[in-house]
Amino acid sequence: MRNNGKVVSYFYDPEIVEFRYGRSHPMKPIRIGMTHSLLENYGLTQKMNIFRANRASKEDLIQFHDEGYVEFLEQITPDLEYCNNSKLNQFKITGDSPIFDGMYDFCKISAGGSIDGAMHLNHGQSDISINWSGGLHHAKSNQASGFCYINDIVLGIQELLKYNNRVLYIDIDIHHGDGVEEAFKTTDRVMTCSFHKYGNEFFPGTGNLTDIGELDGRKYSVNFPLDDGMNDELYFEYFKKTIDAVDKYYQPNSIVLQCGADTLSRDWLGCFDLTTKGHGKCVQHIRDKNLPLLILGGGGYTPKNVAKCWAYETSLLIDNSELPEELPAHEFSEYYLKDETLYLTPIGMENKNEKIVLDKTFEQIYQNLKDIVPVPSVGNRTRPQDSIAMDENDKPYKFYKKQSNKNFKNEFYDLSQDRNEKLYKNKYDPKKFSPFIDPKEKKVKKEKKAKKKKKKKGSKKNKKIKKESQK
Ligand code: V1D
Ligand code: CA
């Protein structure tokens, strides 16, 4: 589907809404389902190619993560918690990042969407790929951190690097994108650029202006630390200046944008005062760079505002169009107030960011950018294999089967309702839902077919020989 010259691939797995970190945990996967429902009811799903992504395989995950860590994620369940204390501490699966039912499936869905999204860009199947279930920027190669277990962003960037010399990663979550920065801090093939609240021990505590990368990656990490109360006007001014300078000096071939919505006003964990329009303006600015673009989710802890923001941004990404203010009637309507509209207003909190400080920060970033080698070259190399086999039969697939939300009613208001009765009854069936066939299955099928053909050919040949000898 082409809208204003852009083809958009959107990755969504309806099972994502079934996962619960815990009843009092701020991360609510249901916000992805709420976003999806707004997209459907605003008519936006008609304007994109929709995919249920392949779940990432263990093989995919260990392209970045340690095998021992992935194996532990694969086998740990809440009932095994008490006999695995030392491993849980080693892998930091505690507190912020607890074990929950289906955690490994959740990770595979999130990572699969980002890898498939990157592959669509690599193969020219889309101009923009969207995975609102991704953007889990804190996960390290061998540790969970800040609600993130598997770093789908690093996996997506690694996939992009198979076809792109220089990938630009931009992070507008209120938290520092530490896991992605750390993964690529020694290479010039990825430039990471994070805007975030910094100071007063705000999580994760990294991302100072002076953190610029190391070795070959020195000056290829950009950090823009900010203070409380950031508003639309100032945020966009410095976002634009910084991104335009990065674009000018780095000249990326493709961009990954983490759209954490915890920078919005009234976020449970955030302290900025951005509106959906202000947040969206940054997304629009990146869209206008006209480069292959992977759009990912991230933080965002007031679910209805996250859904509004990401639905609005999906519309901007599709064809730059504004959506009607009035929310359409949809399955989550009751979570919104009666007269609530799509666009947020700022609360007008005190903006602690002084222009003089922001100017100094920008000046320092600009000086560093001016120093970088303009276009890092890549020597001759063999292109690594794609993660998941694709062929020309891989077509967009409309999987729609309306999901009932009755099990998630009042998810974030009713704290007495825990999530342990997970709906695993509707087991995932890739053949039923995915436009992609499992690559291993594909290979086995191909081999079987080839064997059969060979056998047939062999027996035909034998028959011919037999006949000829009988003559
Ligand atoms: F408020 C909570 C209630 C329950 C469980 C956790 C929290 C919570 C709030 N803020 N946890 C945090 C942050 N953790 C700390 C820890 C205290 N320790 C000493 C550290 O301040 C973690 C915030 C994670 C933010 C995640 C993210 O928004 O960046 C994100 N992006 O993509 C996915 C997640
Ligand atoms: Ca950030």
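**Exercise 1. What percentage of the 471 residues of the chain count as buried?**

Solution. This is a predicted model. Of its 471 residues, 55% count as buried. The chain exposes about 21700 Å². Carbon and sulfur atoms supply 49% of that area. Finally, count the elements: the chain has 13 helices and nine strands.

**Exercise 2. Place C271 in the chain, then decide: is C271 buried or exposed?**

Solution. Start with the position. C271 sits in the loop between β8 (254-258) and α9 (276-287). Now take the area. The relative accessible area of C271 is 13%. Buried means under 20%. C271 is therefore buried.

Then list the partners. Beyond its neighbours within four places in sequence, C271 contacts I174, K197, F202, D228, G229 and M349. Take M349 from that list. M349 and C271 are 78 residues apart along the chain, and their C-alpha atoms are separated by 9.1 Å.

**Exercise 3. Describe how α8 and α9 pack: at what angle, and how far apart are their axes?**

Solution. Two packed helices are described by the angle between their axes and the distance between the axes. Helix α8 covers residues 232-250. Its angle to α9 is about 15°, and the axes lie 9 Å apart. Angles under 35 degrees count as roughly parallel. So α8 and α9 are roughly parallel to each other. Their crossing is right-handed.

Now find the residues. From α8 come D232, Y235, F236, F239, K240, I243 and D244. From α9 come G278, K281, C282, H285 and I286. Sort them: six are nonpolar, two polar and four charged.

Key
Residues are numbered from 1 along each chain as its sequence is written. Chains are lettered from A and ligands numbered from 1 in the order in which they are written. This is a predicted model: local features need pLDDT of at least 70, side-chain atom pairs count only at pLDDT 80 or more; totals for chains, interfaces and linings use all residues. Side-chain values use heavy atoms; hydrogens and water are left out. Helices (H or I, at least four residues) and strands (E, at least two) are DSSP runs, numbered from the N terminus. Buried means under 20% relative accessible area, exposed over 50%, partly exposed in between (1.4 Å probe, protein chains only). Contact means heavy atoms within 4.5 Å. Axes are lines fitted to C-alpha atoms, for helices over the stretch in contact, and angles run from 0 to 180 degrees between N-to-C directions. Angles under 35 degrees count as roughly parallel, over 145 as roughly antiparallel, 65 to 115 as roughly perpendicular and the rest as oblique. A crossing is left-handed if the near helix is turned anticlockwise from the far one by less than a right angle, and right-handed if clockwise. Ala, Val, Leu, Ile, Met, Phe, Trp, Tyr, Cys and Pro count as nonpolar, Asp, Glu, Lys and Arg as charged, and the others, Gly among them, as polar. Accessible areas come from the Shrake-Rupley method with a 1.4 Å probe; for residues, only the protein chains shown count as cover.
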